[in-house]
Amino acid sequence: MIDYPPKFKQFLDCCSDKCNGSDLADNLYIGRGNTASPVLFVGKEPSGEDGFSRLSFWRHGSELKKQENNEPLPAQHMWRNYQRLFECVKDGHYNPHPEKIDFEEYIFTSEMSGMVSTTTNIARKLPGFVEQLQWRKDNFFTDEFFKSFPVVVLACGDYLRNDGHKGLWEINRIFDVTFDKDNGLHEFLPCSNFYCHHSSDGSRLVIHTRNLSSGVNGKMLIEMDRVIHEHLEQLGLISFFK
């Protein structure tokens, strides 16, 4: 078996226990990429099946796979925006035209919903969508594994509420952070804002923003990189990407 980081091993064991005997057993969406990374990206939902994101893959100790795709991608494809953000953090400058997609060599990614869908509108109409999304909020993302990341980028928009509406402070509750009252909101029109949260000791940064699949303002990615880079430098972790 691959020598996964201890917290990831414990996380897999916990997932197995919670899913034992249920429809989620082995089919639970975990994620993909580098489990030892200091950075986690969380999207809305997987757009397709790849064979190595589910619990069964990780439990069997298969070789870690990364997303490699040198074929041209749509200009606003989510992977390309993930790559742009990653390269900003790694190289310190914004590259609007990435030549390859290799961010998963350095980043771990997951999805707020585990149900495959090509669009959010279709996802919301799937049977059991609301129930499984709530289950992942209450039983999946609350695991200590997700609190071990110094940087979390929640690129899942309104799949999370943290505005107190109906008493919902989901980001605070799930990730044990609070919104930065001073300079927490970073606005980039149109519709490209992001919100910064920190743990009480300042060691963890959680950023909440829109889905990064299309129409993303490049200036927002540059500013998001600045915030992430500064945080990782303070923790002495920026060398992980070098």
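This is a predicted model: local features need pLDDT of at least 70, side-chain atom pairs count only at pLDDT 80 or more; totals for chains, interfaces and linings use all residues.
Residues are numbered from 1 along each chain as its sequence is written, and side-chain values use heavy atoms, with hydrogens and water left out.

Arg210 counts as partly exposed, at 22% relative accessibility. On this scale buried means under 20% relative accessible area, exposed over 50%, and partly exposed in between (1.4 Å probe, protein chains only). The C-alpha atoms of Arg210 and Ser192 are 6.8 Å apart, and the two residues are separated by 18 residues along the chain. Another loop, between strand 4 (151–155) and helix 6, holds Asp163. Asp163 is partly exposed too, at 46% relative accessibility, and its C-alpha atom lies 9.8 Å from that of Phe179, 16 residues away along the chain.

Now step back to the whole chain. Its secondary structure comes to seven helices and eight strands. The radius of gyration is 17 Å, close to the 18 Å that the globule rule gives for 242 residues, so the chain is as compact as a globular protein of that length. That radius is taken over C-alpha atoms, and the globule rule is 2.2 Å times the number of residues to the power 0.38. Along the principal axes, the C-alpha atoms fill a box of roughly 45 × 45 × 35 Å. Of the 242 residues, 52% are buried.

Next come the aromatic rings. The structure holds 29 aromatic pairs: rings of Phe, Tyr and Trp (its six-membered ring) pair if their centres lie within 6.5 Å, and planes under 30 degrees apart count as stacked, over 60 as edge-to-face and the rest as tilted. One of them joins Phe8 and Phe108 edge-to-face, at 6.0 Å centre to centre with 70° between the planes. Phe8 belongs to helix 1 (residues 6–19) and Phe108 to strand 3 (residues 108–111), so this pair ties together parts that are 100 residues apart in sequence. Phe8 is buried, with a relative accessible area of 0%, and Phe108 is buried with a value of 0%.

Strand 3 also leads us to the largest pocket, where strand 3 and helix 3 (78–91) each supply at least two lining residues. A pocket here is an open set of points on a 1 Å grid over the protein atoms alone, where a 1.4 Å probe fits, with protein on both sides within 12 Å along at least five of seven lines; lining residues have an atom within 4 Å of a point. The lining counts 25 residues, of which Glu45, Pro46, Ser47, Met78 and Glu111 lie nearest the centre of the pocket. Helix 3 gives the largest share of the lining, three residues.

Finally, look at two backbone details. Asp176 is not a glycine, yet has a positive phi of about 55°; this residue lies in the loop between helix 6 (170–175) and strand 5 (178–179). Asn183, also not a glycine, has a positive phi of about 65°. Asn183 is found in the loop between strand 5 and strand 6 (185–186), and is exposed, with a relative accessible area of 67%.

Note on methods: Helices (H or I, at least four residues) and strands (E, at least two) are DSSP runs, numbered from the N terminus.
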